[in-house]
Amino acid sequence: MKSQSKHFIVNYLNQTASEQELDELSQWLKNPVNTQEFKSFVQIDYAIDHIMEDFNTEQEKSDFLSKIRKMQQQKKVRKLWTRICGIAASILIIISLSILLDKYPARDSLSVVVNNEIKPVKNNAILLLETGEEIVLQEGSALHTQNAVSSQEGLEYSQAAEADTEMAYNYLTVPRGGQFHVKLADGTKVWLNSESKLKYPVHFPKAQSRVVELLYGEAFFEVSPSAKHQGADFKVIHKEQEIQVLGTEFNVKAYSEETNVFTTLVEGKVQINTPREKYILEPQQQAILNDNTYALSIHKVNLREEIGWVNGEFIFRQKNLKQIMKILSRWYDMDVIFENTELEDVKFVGRIQKDQEITEILDRIKTFGIIKNYEINEKQVRLR
């Protein structure tokens with residue numbers, strides 16, 4: 001392996017790779033020989049992660065790392081690396097055998113596809129008007145109402161000219177397997193991910209707070225600055241959390257089956273208001289709020305990974321297969337069954353494009369040896 005390629009992989013696993021390095025790594029992986037080398041490298045990284053997790057205390061881990069630094073100073077790196085790789089290889093053999101052999105007898109390595117109805121994500125949504133009428137919005141469909149028009153990019157509202165226009169609300173629901181973009185009457189742009197629902201006014205009162213509600217799901221907001229609206233701020237409500245905005249870009253993830261709400265700031269300034277506290281986020285920070293306890297924690301995150309879905313991709317770094325399949329289930333409107341539950345905890349790193357067929361993704365995971373094979377029957381996927 002060339003040192004430059006090795007450098008790209010190391011940065012990728014450490015979550016420090018630049019966009020250019022990720023693109024070059026993707027090109028490098030098109031060669032089957034390189035793919036096999038990458039697979040081996042990732043497996044060793046995964047095994048070492050397990051070694052580090054086996055320490056009973058942080059002190060034990062610290063002592064181990066101190067010994068590594070000391071051996072590096074004594075120029076015994078090669079001997080140490082050989083020892084670590086040996087341990088890693090032993091663990092990988094145990095993991096592979098327990099996952100792929102012990103639980104199940106030998107099977108045909110060919111995957112089975114029967115009547116595959118799983119399709120890549122499409123622009124698709126259901127609009128509930130203030131009149132109670134429901135309209136299905138799909139690619140190629142046209143809509144023209146008093147307040148909004150549809151286009152290839154999504155739905156666009158126009159602000160009412162009269163200040164005393166009666167307040168009315170629309171609901172935009174994006175089903176599993178869909179995505180949608182809407183430009184609100186104030187100029188704010190919103191991207192809705194699969195299985196999401198947004199409530200918003202048809203127009204915004206002048207010089208008053210602009211308020212929308214994310215009922216569930218995930219949405220990325222590019223907010224029209226308050227300076228264009230007589231200083232009126234912008235607020236996103238979800239249950240007991242309020243996000244107060246002055247003009248910024250941020251992402252909110254709040255799926256119904258999850259207890260945590262994730263708010264990620266890309267640029268600008270937002271204030272998180274909860275029943276217990278307030279916190280002002282800085283760019284590249286993510287606030288995690290527990291819906292049950294209202295506990296709030298703040299973390300620095302990789303923005304490309306967190307909001308990649310807006311640009312048509314998902315980037316997975318050190319996520320396990322269960323987490324990945326949960327995301328893909330929404331994206332592809334499918335159900336996933338793990339015939340071997342131990343597969344749920346196996347980690348996988350990769351980048352998936354929205355226009356990829358599900359068979360392409362599963363074949364890639366299979367190539368890395370994470371799964372032995374899979375079966376697709378209509379909209380159900382079985383992993384083995």
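Which residues of helix α8 (residues 358-367) are buried? Select the helix and find Ile358, Ile361, Leu362 and Ile365. Buried means under 20% relative accessible area, exposed over 50%, and partly exposed in between, with a 1.4 Å probe and protein chains only. Helices (H or I, at least four residues) and strands (E, at least two) are DSSP runs numbered from the N terminus.

This is a predicted model, in which local features need pLDDT of at least 70 and side-chain atom pairs count only at pLDDT 80 or more, while totals for chains, interfaces and linings use all residues. Residues are numbered from 1 along each chain as its sequence is written, and side-chain values use heavy atoms, with hydrogens and water left out.

**Helix α8**

Look down the axis of α8. After α8 comes glycine 369, with a positive phi near 80°.

**Aromatic stops**

The whole structure holds 8 aromatic pairs. Select tryptophan 331 and tyrosine 332, an edge-to-face pair at 6.1 Å centre to centre with 65° between the planes. Rings of Phe, Tyr and Trp (its six-membered ring) pair if their centres lie within 6.5 Å; planes under 30 degrees apart count as stacked, over 60 as edge-to-face and the rest as tilted. Tryptophan 331 is buried at 1% relative accessibility. Tyrosine 332 is buried too, at 2%.

Next, select Phe204, Phe221, Phe234 and Phe250, which form one aromatic cluster.

**Charges over rings**

Go to lysine 199. Its charged end sits over the ring of tyrosine 169, 4.9 Å from the centre. Such a charge has NZ of Lys or CZ of Arg within 6 Å of the ring centre and within 35 degrees of the ring normal. Then pick lysine 253, which lies over the face of phenylalanine 262, at 4.9 Å from the ring centre.

**Asparagine 273**

Finish in strand β15 (residues 270-273), where asparagine 273 is found. Is asparagine 273 buried or exposed? Asparagine 273 is buried, because its relative accessible area is 10%. Leaving aside neighbours within four places in sequence, asparagine 273 is in contact (heavy atoms within 4.5 Å) with Glu240, Gln241, Glu242, Gln244 and Lys278.
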